[in-house]
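Hi,

I'm handing this structure over to you, and I hope you enjoy looking around in it. My notes on what turned up follow just below.

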Amino acid sequence: MSDKSYWQGKRCWLIGASTGIGAACAEALNAQGARLALTARKPAPLVDLADKLGNDNTLVCPADVTTPDDLHKAYTDICEQWGGLDVLLFLAGTYQAARSWELNPDQARQAISTNYLGAVDAIHTVLADWLAAGQGQIVLTSSVAGLRGLPQSLYYGPSKAALTHFAEVLHLDLEPKGIKVQVIHPGFVATPLTAHNDFPMPNLISPEQAATEILAGMENNAFEIHFPRAFTRKLKFLRCLPYRWYFSLIHRSTGL
């Protein structure tokens, strides 16, 4: 269960807040007394979410994560309203299942631009202020798909692998300077992105269940937040296998 005292009054910027895990996190954080700035590409779903939350302190700050100027404007608006920020939770992402013989460089660039470079630009907007203040919390949503290569994860997996690596480096550099850095490795969550999958999704959970796990993880000091553990522990074990065993096991277990 979340600690309400941890979140009470905390100024949180949720990027990728309009649907799925992002919207569920917004509802969970709002219930814990956090102050929310909601960002996504389309304004209308953010307005609807803010109305649903019923909190006059909620800010709607539309931005396209692939456009750095949009993120800078959103952060400027937040600072003008609140005078600063405590938490950056990056949840934005794009996903399209694809096999290697369908390789499309434009789709690869889109995945990298949204899933990885969007996080880089978002952190760049807040980093100077947080370094000066010696405080802040950065939480990046990666995926177990970034731990090792998986079929149908031709674009998504590499972009999430880059995001995990980025989070590891940030943690090493920024934790000693007072900035908490964490990475989220979810398994399968029922969202508009995963709704397009045409293959079995073991241990599928709801966005609300994911939000509960994320808030609990953000409250402690562990670098990694991963769930559901019945599934993610298996993927983390597979990461340790030699390639010969790993490739054979993946082919047998997926049939791909």
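K180 is buried (under 20% relative accessible area, where exposed means over 50% and partly exposed is in between, with a 1.4 Å probe and protein chains only), yet K180 has no salt bridge. A salt bridge here is a side-chain nitrogen of Lys or Arg within 4 Å of a carboxyl oxygen of Asp or Glu. The nearest side chain of opposite charge, E175, is 7.1 Å away; Lys and Arg count as positive, Asp and Glu as negative, and His and the chain ends are not counted. Contact means heavy atoms within 4.5 Å, and leaving aside neighbours within four places in sequence, K180 has contacts that include Y6, Q137, E175 and M218.

Before you go further, please note that this is a predicted model, where local features need pLDDT of at least 70, side-chain atom pairs count only at pLDDT 80 or more, and totals for chains, interfaces and linings use all residues. Residues are numbered from 1 along each chain as its sequence is written, and side-chain values use heavy atoms, with hydrogens and water left out.

K180 sits in strand β6 (residues 179–186); helices (H or I, at least four residues) and strands (E, at least two) are DSSP runs, numbered from the N terminus. The strands form an open sheet of seven, in the order β3-β2-β1-β4-β5-β6-β7, with parallel pairing. β3 and β7 (224–227) are at the edges with a single partner strand each, so one side of each has no neighbour in the sheet.

Now to helix α4. L71, A74, Y75, I78 and W82 of α4 are buried. Those buried residues fall within an arc of 95° seen down the axis, so they line one face of the helix; the arc is that of the directions from the helix axis to the C-beta atoms. They pack against β1 (11–15), β2 (35–39), β3 (59–60) and α5 (105–133). D69, K73 and E80 are exposed on the face turned away from the buried side.

One last stop: S159, in helix α6 (residues 156–174), is buried with a relative accessible area of 0%.

Best wishes

Terms used. Pairing = 2+ DSSP bridges.
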